[in-house]
Number of protein chains: 2
Amino acid sequence: MSDSTEKLTDLSALGEFGLIDELTKGIVILHASTKMGVGDDAAVIQPETGKVMLVSKDLLIEGIHFDMVYMPLKHLGYKAAVVNISDIVAMNGAPKQLLVGLGVSSKYSAEAIKEIYDGIKKACEVYRVDLIGGDTTSSPAGLFLSLTIIGEADPEKVVYRKGASPNDLLCVSGDLGAAYMGLLLLEREKTVFLADPNMQPDLSDKEYLLERQLKPEARINVLKLLEEAGVKPSSMIDISDGLASEAMHLCKASGTGCAIYEDKIPIDQLTFDTAKEFNIVPSVAALNGGDDYELLFTIRQTDFEKVKLMEGISIIGYMTDDSEGERLITNDNQSIPLRAQGWDALKSRDLFPDK
Amino acid sequence: MSDSTEKLTDLSALGEFGLIDELTKGIVILHASTKMGVGDDAAVIQPETGKVMLVSKDLLIEGIHFDMVYMPLKHLGYKAAVVNISDIVAMNGAPKQLLVGLGVSSKYSAEAIKEIYDGIKKACEVYRVDLIGGDTTSSPAGLFLSLTIIGEADPEKVVYRKGASPNDLLCVSGDLGAAYMGLLLLEREKTVFLADPNMQPDLSDKEYLLERQLKPEARINVLKLLEEAGVKPSSMIDISDGLASEAMHLCKASGTGCAIYEDKIPIDQLTFDTAKEFNIVPSVAALNGGDDYELLFTIRQTDFEKVKLMEGISIIGYMTDDSEGERLITNDNQSIPLRAQGWDALKSRDLFPDK
């Protein structure tokens with residue numbers, strides 16, 4: 001976290017206003033629509049005429065969504081922002097403004113909170129988002145982040161979960177399961193570390209998995225690809241909670257079933273190898289692991305030619321009639337219900353995962 | 001909380017989706033601007049052309065902002081919503097949409113969470129606000145609420161903290177200090193209860209104070225009064241944190257000083273008597289107690305005639321040149337710095353109070 005010889009600042013010594021001044025120093029407003037950011041009872045946004053606003057909120061809680069033993073504070077801030085930004089991307093919108101709610105116990109120094117904010121600000125810079133306000137308060141135990149993201153979109157371009165029809169093709173960006181394998185690696189190293197603090201893990205060959213878990217990105221680039229190709233998805237959701245869960249959300253909202261081909265699920269070689277190392281079926285990590293923040297979306301069959309060679313997009317199945325339910329077509333060509341893949345077993349770390 | 005003979009539902013038994021279905025059941029959308037509420041990655045709002053959107057976030061944390069021993073869950077939900085709504089009112093805006101972030105430990109039953117939501121929904125009904133989304137997640141310990149409120153206003157009607165000028169009159173709505181005395185009463189009864197659980201408190205003559213603490217209201221009616229009289233405040237803030245703190249916010253944002261007359265501070269007789277009972281100077285409860293959610297605002301001297309006889313509005317002082325600082329003119333006509341009134345002593349229950 002910080003050099004232990006460095007003197008850390010007690011939160012109570014700095015005081016609320018001192019801390020807020022420190023955290024909000026140097027914030028540059030990027031969007032003309034942000035009329036008033038930090039510093040009043042509410043932020044003021046002047047939406048562009050004709051646009052709709054998209055609003056979403058995600059919580060990240062210590063001990064549930066992250067573990068301070070291996071989550072660097074700056075990454076925590078970055079990830080909290082990205083998780084929220086990803087929800088706007090999943091609506092086919094552009095993220096614009098962010099509010100940060102932060103609860104911290106007195107064990108955290110002002111420097112630690114500044115680290116978290118630095119991560120949030122970094123994400124704001126990368127995704128061109130204005131940090132416009134929030135609330136910082138003490139918590140009796142632990143740390144939590146409650147962010148609210150605001151985005152903008154043309155009304156006719158918004159993509160809902162509910163727009164899929166039977167025979168639409170089910171597509172996913174990037175690759176899946178890596179963040180989950182990164183989590184398992186970190187959990188394993190934590191156990192080793194707690195048993196013998198002198199053990200130094202060598203994870204240099206697993207960097208991709210760790211980065212996917214600790215510093216995920218939102219898939220704005222995928223929206224650009226689709227827009228340039230003239231494809232508007234019929235439905236879309238981001239994968240925060242595992243492919244299976246998100247596919248079921250699309251089905252429920254659209255009143256359809258779906259069929260997903262296990263062998264079409266994009267899995268990186270390192271994810272595959274590491275899953276094997278952990279005795280986990282790689283597709284189970286992809287289906288139920290979560291934290292990928294890739295986009296899961298459906299397209300009309302007429303858009304197939306435009307999408308099939310798109311870099312980083314995999315067509316993994318299709319939507320079916322509601323009566324057919326949500327099915328996984330396994331590598332050995334069996335059709336099984338999507339839920340049957342160790343769903344609950346993997347969920348124990350999070351009673352109510354983020355949507 | 002609930003009849004102990006009643007069978008309570010375990011959160012894990014109901015599951016995330018079951019709980020969300022239960023909580024969001026029967027939500028009626030009131031505003032045409034709410035295009036999509038609960039049920040997608042983000043809510044969709046179509047702002048009225050030409051209006052600005054106001055956004056604010058407030059956290060309420062168990063053990064910091066409320067105590068489960070005396071805070072009924074429904075009131076907690078109601079208060080969390082009102083605290084947020086009050087921030088929109090303080091900008092001279094109309095509250096429109098609300099997002100609810102809720103972190104709960106497994107000790108809470110589904111029925112308990114439903115009680116909190118019932119309180120939030122009641123406030124939404126009273127203040128005509130659409131509940132449009134949020135996030136519910138487990139917490140390792142305790143309960144917290146993180147709400148985000150969205151409001152709407154004509155751009156030229158928004159009132160900021162920064163608009164006050166020297167010689168503007170400083171006004172406050174309602175009366176102050178009652179919520180703080182309510183808190184002290186509840187804390188006292190808690191101590192008595194913990195010492196002897198058979199002691200039944202008789203607080204029937206203190207109802208006003210308890211209601212101010214447990215079920216505050218946002219002062220939308222004051223905005224109406226001012227609008228009807230054709231008065232636009234030059235600056236405004238809501239009193240969540242004590243008159244002294246809020247007056248200082250107005251001064252800092254506006255680059256002014258202020259003079260507040262102790263004998264002009266509106267204090268209800270019951271607040272006065274109860275403060276005396278607790279050996280507290282009544283004006284100190286008003287200056288530093290907080291949780292009043294009254295409006296503190298400044299008007300031009302030219303509006304004096306319109307405001308002076310307005311029911312429920314007190315003129316308590318005036319803004320001065322910055323160089324004169326923030327002053328309290330005491331009952332015995334001494335001018336003392338505003339901060340000197342036991343500021344820190346009263347703040348111990350909350351390291352970082354809400355703004």
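Mentor: One definition before we start: strands are DSSP runs of E, at least two residues long, and they are numbered from the N terminus. Please also keep in mind that this is a predicted model.

Trainee: Thanks! With that in hand, where does Asn333(B) lie?
Mentor: Asn333(B) has a phi near 65°, which is a positive value in a residue other than glycine. It counts as exposed, because 9 C-beta neighbours are inside 10 Å and 12 or fewer makes a residue exposed. Its place is the loop between β12 (326-329) and β13 (335-337) of chain B.

Trainee: And Asn167(B): in which loop is that residue found?
Mentor: Asn167(B) also has a positive phi, near 80°, in a residue other than glycine. With 13 other C-beta atoms within 10 Å, Asn167(B) is partly exposed. Asn167(B) is found in the loop between β6 and β7 (169-173) of chain B.

Trainee: Let's step back. Into which domains is chain A divided, and how far apart are their centres?
Mentor: Chain A is split into domain 1, covering 11-155, and domain 2, covering 161-349. Between the C-alpha centres of domain 1 of chain A and domain 2 of chain A the distance is 26 Å.

Trainee: How many residues does each domain of chain A bring to the contact, and of which classes are those of domain 1?
Mentor: Domain 1 of chain A gives 17 residues to the contact, and domain 2 of chain A gives 17 residues. On the side of domain 1 of chain A that touches domain 2 of chain A, the classes are 11 nonpolar, three polar and three charged.

Trainee: What share of the contact residues of chain B recur in chain A?
Mentor: The contact brings together 60 residues of chain B and 61 residues of chain A. The same surface serves both copies, and the share of contact residues of chain B that recur in chain A is 100%.

Trainee: Which element gives the largest share of the side of chain B that touches chain A?
Mentor: That side of chain B divides into 29 nonpolar, 18 polar and 13 charged residues. Its largest share, nine residues, comes from strand β3 (residues 52-61) of chain B.

Trainee: Is β3(B) enclosed or open?
Mentor: On one side, Val52(B), Leu54(B), Ser56(B), Asp58(B) and Leu60(B) are buried, and on the other so are Met53(B), Val55(B), Lys57(B), Leu59(B) and Ile61(B). Since 10 of the 10 residues of β3(B) are buried, this strand is largely enclosed by the rest of the structure.

Trainee: Which strands pair with β3(B)?
Mentor: Within chain B, β3(B) runs antiparallel to strand β6 (residues 143-153) over 10 bridges, and Lys57(B) has Thr148(B) as its bridge partner there.

Trainee: What does Lys35(A) touch?
Mentor: Lys35(A) sits in strand β1 (residues 34-36) of chain A. It is partly exposed, with 17 C-beta neighbours inside 10 Å. Leaving out residues up to four places away in sequence, Lys35(A) touches Val44(A), Ile45(A), Gln46(A) and Val52(B).

Trainee: Which residues have the most contacts inside the largest nonpolar core?
Mentor: The largest nonpolar core has 217 residues. Ala247(B) touches, among others, Leu170(B), Cys258(B), Ile260(B) and Leu296(B), not counting residues up to four places away in sequence. The residues with the most contacts inside the core are Ala247(A) and Ala247(B).

Trainee: Last one: which residues stand opposite Ala259(B) in β11(B) and β12(B)?
Mentor: Strand β9 (residues 256-261) of chain B pairs antiparallel with strand β11 (residues 313-321) of chain B over five bridges, while four bridges join β9(B) to β12(B) in parallel. Opposite Ala259(B) is Tyr318(B) in β11(B), and its bridge partner in β12(B) is Arg327(B).

Terms used. Residues numbered from 1 in each chain as written. Chains lettered and ligands numbered in written order. Predicted model: local features only at pLDDT ≥ 70, side-chain atom pairs only at ≥ 80, totals over all residues. Domains from an automatic or database assignment. Contact = placed C-beta atoms within 7 Å. Nonpolar A, V, L, I, M, F, W, Y, C, P; charged D, E, K, R; others polar. Core = buried A, V, L, I, M, F, W, Y, C linked by C-beta atoms within 7 Å. Buried ≥ 20, exposed ≤ 12 C-beta atoms within 10 Å, placed from the backbone. Pairing = 2+ DSSP bridges.
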